[in-house]
Amino acid sequence: KEYGLTVRELSGDSSLSRQQIAETQLLVTTPEKFDVVTRQGEGRAFTQLIKLVIIDEIHLLHDERGPVLESIIARTIRQVESTAEPIRLVGLS
């Protein structure tokens, strides 16, 4: 069924232009790639477009990927506090 959404993947195996990211309603990415993109100056502008962050396998917070997940969560919360724009965080396990 068509929902009229533009869905793209952003990972170590793929890259997107700023235009492609701006046109995307649903972005699927790895925690590591999301962390890198949102730390960069340009990426911060795109984080202002984010309204929902879904983290799959949140139980890995206590694993080797934990620091990256923690960084993403902390940065998202900090953005909400500084902009007063709500972003929903959902953790799946």
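Val7 sits in strand E1, residues 7–10. Strands (E, at least two residues) and helices (H or I, at least four) are DSSP runs, numbered from the N terminus. Val7 is partly exposed, at 47% relative accessible area. Here buried means under 20%, exposed over 50% and partly exposed in between, with a 1.4 Å probe and protein chains only.

The model is predicted: local features need pLDDT of at least 70, side-chain atom pairs count only at pLDDT 80 or more, and totals for chains, interfaces and linings use all residues. Residues are numbered from 1 along each chain as its sequence is written, and side-chain values use heavy atoms, without hydrogens and water.

**Largest pocket**
- Its volume is about 930 Å³.
- On a 1 Å grid over the protein atoms alone, a pocket is an open set of points with protein on both sides within 12 Å along at least five of seven lines; in a cavity, a 1.4 Å probe fits but cannot get out.
- The pocket is lined by 30 residues, and Leu27, Thr29, Phe34, Leu52 and Val53 lie nearest its centre. Lining residues have an atom within 4 Å of a point.
- H2 gives the most to this lining, with five residues.
- The pocket lining has 18 nonpolar, seven polar and five charged residues.
- Ala, Val, Leu, Ile, Met, Phe, Trp, Tyr, Cys and Pro count as nonpolar, Asp, Glu, Lys and Arg as charged, and the others, Gly among them, as polar.

**Largest cavity**
- The count is one cavity of 30 Å³ or more.
- The largest cavity holds about 70 Å³ of space.
- Its lining includes Phe34, Thr38, Arg75 and Ile87.
- H4 supplies the largest share of this lining, four residues.
- By class, the cavity lining has five nonpolar, four polar and one charged residues.

**Backbone**
- Most residues other than glycine have a negative phi.
- Glu57 has a positive phi of about 60 degrees. Glu57 lies in the loop between E3 and H4 and is partly exposed at 38%.
- Ala84 also has a positive phi of about 60 degrees. Ala84 lies in the loop between H4 and strand E4 (88–91) and is exposed at 65%.

Notes:
Grid points are joined across faces, edges and corners, and a volume is the space filled by probe spheres set on the points.
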